[in-house]
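Here's a quick briefing to read alongside the structure. Have the sequence and the 3D view open, and let's walk through it topic by topic.

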Amino acid sequence: MTGAAAGPAPAGRPGEQRSPDQQPPDQRRRDPLRRQRILTAAAELVAERGYHDVGMADIGAAAGITGPAIYRHFDGKSAVLVAMFDHVIDDLSREASEIVASGGDALAILRGLIQAQVRFVLRDGTLAQVYHNEVANLPQEDRHRLRRKQRLYIEEWVHVLAQLRPDAGDATVRALVHASVGAIQSVLFYQSGLTDDQLAALMSSIAEASLFAPEPVRSLPVGHSEAAPVPPRGPVRPGQCTGHR
């Protein structure tokens, strides 16, 4: 049996330097929540002041650490934002994929996607606002990579809506999806005065109505009259108001 196995090593005499393995546990281990504290602090500061007016020392102070300590986790300020945005988009995309893979009917899946987007905006509004305002400040390679992730997320919506809107072409379906997501994200830029539950219900209703908006009627020459076609409608559920008389 070796000396190491026989029992704990002696603490050492006063003034004697400890080996790395003898350092107290709280000195050997990094705080597992430090990285998240840095991201949270950066999101709040950048949302308040803007990307260019926030330094690493500011982020460190808000996270309860020194500015240089951030470099143990991130290479620089842009790397902090990239990690933040990757987390946001990856979480949304993962949830969307799970909803699509759930095996429900297309309308139920579409509503699940709407609800997930609404939850994200209400839960992580600061992060979403920072992304909207500051993504242009990221390095070009990271910006393009994040944009590709966004497009893949939107494709989940497009694929589902296309099943429910066979009357609409691909360009129209994509426009409807962007309009719906944009309507949800609009709450980032004003104070509604509503509770989260009220706002979630309202934005979910508006987002769904946007997806089933009729295509515009073809304009006719002046003086030419023609009966306007009945605009296509999405699935009508019991008790649902269609908006048509």
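Which helix does valine 46 lie in? Valine 46 belongs to helix H3, which covers residues 34–49. Keep in mind that this is a predicted model.

**Overall picture**

- The protein has 10 helices and 0 strands, so read along the sequence the pattern simply goes α-α-α-α-α-α-α-α-α-α.
- Of the 245 residues in the protein, 34% are buried.
- Take the contacts between residues at least 6 apart in sequence: 63% of them join residues at least 24 apart.

**Around valine 46**

- Is valine 46 buried or exposed? Valine 46 has a relative accessible area of 2%, so it counts as buried.
- Setting aside neighbours within four places in sequence, valine 46 is in contact with Tyr51, Val54, Leu81, Val130 and Glu134.
- Valine 46 and leucine 127 sit 81 residues apart in sequence, while their C-alpha atoms are 9.4 Å apart in space.

**Aromatic pairs**

- How many aromatic pairs does the structure hold? There are 2 of them.
- One of the pairs is phenylalanine 85 with tyrosine 131, which is edge-to-face at 4.9 Å centre to centre and 85° between the planes.
- Phenylalanine 85 comes from helix H5 (residues 77–100) and tyrosine 131 from helix H7 (residues 125–134), so this pair ties together parts that are 46 residues apart in sequence.
- Phenylalanine 85 and tyrosine 131 are both buried.
- Then there's tyrosine 153 with tryptophan 157: the ring centres are 6.4 Å apart and the planes are at 70°, so this pair is edge-to-face.
- Tyrosine 153 and tryptophan 157 are 4 residues apart in helix H8 (residues 140–164), so about one helical turn separates them.
- Tyrosine 153 and tryptophan 157 are both buried.

**Salt bridges**

- Side chains of opposite charge can pair when their charged atoms come close. A search of the whole structure turns up 12 salt bridges.
- Arginine 145 forms a salt bridge with aspartate 142, with the closest N and O atoms 3.2 Å apart.
- Why is the separation of arginine 145 and aspartate 142 about one helical turn? Because they are 3 residues apart in helix H8.
- Arginine 145 is partly exposed, with a relative accessible area of 24%.
- Glutamate 155 and arginine 174 also meet through their side chains in a salt bridge, at 2.2 Å from N to O.
- The glutamate 155–arginine 174 pair links distant parts of the chain: glutamate 155 is in helix H8 and arginine 174 in helix H9 (residues 170–185), 19 residues apart.
- Glutamate 155 counts as partly exposed at 32% relative accessibility, and arginine 174 counts as partly exposed at 28%.
- Arginine 165 and aspartate 167 are salt-bridged through their side chains, at 3.1 Å from N to O.
- Arginine 165 counts as buried at 0% relative accessibility, whereas aspartate 167 is partly exposed, with a relative accessible area of 37%.
- Which residues do salt bridges that share partners join into one network? They are Asp86, Asp90, Asp142, Arg145 and Lys149.

**A nonpolar patch on the surface**

- Out on the surface, Leu194, Leu202 and Ile206 form a nonpolar patch, and together they have about 220 Å² of accessible area.
- To find leucine 202 in the view, go to helix H10, which covers residues 196–211.
- Leucine 202 counts as partly exposed, because its relative accessibility is 40%.

Technical notes:
Residues numbered from 1 in each chain as written. Predicted model: local features only at pLDDT ≥ 70, side-chain atom pairs only at ≥ 80, totals over all residues. Heavy atoms only, no water. Patch = residues over 30% accessible without salt bridge, like charges linked within 9 Å, V, L, I, M, F, W, Y side chains within 5 Å. Areas by Shrake-Rupley, 256 points an atom, 1.4 Å probe, with all protein chains shown as cover. Salt bridge = Lys/Arg side-chain N within 4 Å of Asp/Glu carboxyl O. Helix = DSSP H or I, 4+ residues; strand = E, 2+ residues; numbered from the N terminus. Buried < 20%, exposed > 50% of the residue type's maximum accessible area, 1.4 Å probe, protein only. Contact = heavy atoms within 4.5 Å. Phe/Tyr/Trp six-rings, centres within 6.5 Å; stacked < 30°, edge-to-face > 60°.
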